[in-house]
Amino acid sequence: MTDPARIDVHQHLIPPEQRRAMSGRAAAFGWPAPVWDERSAIAMMDRRSIATGVLSFAAPVGAPDDPAGARAAARRVNEYTAELVKDRPDRFGHFAVLPLPDVDGALTEAAHALDELDADGVMLLSNAHGRYLGDPAFEPLWAELDARATTVLIHPTAPPGTVLPDLPGPLVDFPYDTTRTALHLVLNGVPRRYPRIRMILPHAGGFLPYAAHRFACAGRLRQDTTPEDVLAELRRFYFDTAFAAGATTLPSLLAFAAPGHVLYGSDFPMVPEDWGTDFDAALDGYPHWAPGQLHAVNRGSAEALLPRLARG
């Protein structure tokens, strides 16, 4: 490994009051129940050569019919996370959670998190109770985030509809939902209208790099765009390596992503540590890195994206 001091742009926390709900959510998906606390997170990071983990809360903060509850929960989660970062700014960063689809609530919380809590960016789920991120109703939020040149982690969640029995949603459905929302954003012109936003797609962008030229054919269905336009917009995204650094995934991702747009991610504790270390080993052992490329993935590109985390 070129530089052991990784910056992990895709790491999660579970505040104490969310532990039971998060365990129940994992059980509903047929997924291992995550366990998290600050001390164990730092110990994991030390074992995996992670200098800094940018924390986010990877679940809805409220029911679709309870916007007030979602606003309150988002505030509690963000203030809890900000205290962790305040205590250990060397080890943690913060992507604030927003209570979408409540746009007014999301605008208020984004301003509070970015101005008062010094969050490094925000995290949005790939769909907000079934509404995807290219929805015109979300335009005021994108305009505000663009004005602030915000970094946005777009974390996958369950797509609408029923899941297949005995096939965990995080394993199969989440990559699909990442792909779906990314294409929805591009075809609705969000990255083009708001070029100052830097959007990160976890897990190598789902199926996006592998099937990008297929998806680009959507440009043939619209009079105002071309497949080349769609491909160019798709390449605006950043991608992380969490749960995705396989021998057949990396060539597709590296062939598609723009230079400097691949970032290290662990997805801890949603992906158990012993699973994640296998992907770390695959990342380190990939035989086709260009000079300096692994360093860029491990931390160099994240330092450019989030300058606060750069070493002095």
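Helices (H or I, at least four residues) and strands (E, at least two) are DSSP runs, numbered from the N terminus. By this numbering, Ala 204 sits in the loop between strand S8 (198-201) and helix H8 (208-216). The structure is a predicted model, in which local features need pLDDT of at least 70, side-chain atom pairs count only at pLDDT 80 or more, and totals for chains, interfaces and linings use all residues. Residues are numbered from 1 along each chain as its sequence is written, and side-chain values use heavy atoms, with hydrogens and water left out.

**Backbone features in loops**

Ala 204 has a positive phi of about 60° although it is not a glycine. Ala 204 is buried, at a relative accessible area of 4%; buried means under 20% relative accessible area, exposed over 50%, and partly exposed in between (1.4 Å probe, protein chains only). Asp 118, also not a glycine, has a positive phi of about 60°. Asp 118 lies in the loop between H4 and strand S4 (121-125) and counts as exposed, with 57% relative accessibility.

**Helix H8**

The buried residues of H8 are Leu 208, Pro 209, Ala 211, Ala 212, Phe 215 and Ala 216. They cover an arc of only 160° around the axis, so they lie on the same side of H8; the arc is that of the directions from the helix axis to the C-beta atoms. Exposed residues Tyr 210, His 213 and Arg 214 are on the face of H8 turned away from the buried side. The cover over the buried residues of H8 includes H6, S8, H9, strand S9 (238-240) and helix H10 (249-256).

**Helices H6 and H9**

The axes of helix H6 (residues 169-187) and helix H9 (residues 227-234) come within 10 Å and cross at roughly 120°. That makes H6 oblique to H9, where angles under 35 degrees count as roughly parallel, over 145 as roughly antiparallel, 65 to 115 as roughly perpendicular and the rest as oblique. On the H6 side, the contact (heavy atoms within 4.5 Å) is made by Ala 182, Leu 183, Val 186 and Leu 187, and on the H9 side by Val 230, Glu 233 and Leu 234. These contact residues divide into six nonpolar, no polar and one charged.

Key
Axes are lines fitted to C-alpha atoms, for helices over the stretch in contact, and angles run from 0 to 180 degrees between N-to-C directions. Ala, Val, Leu, Ile, Met, Phe, Trp, Tyr, Cys and Pro count as nonpolar, Asp, Glu, Lys and Arg as charged, and the others, Gly among them, as polar.
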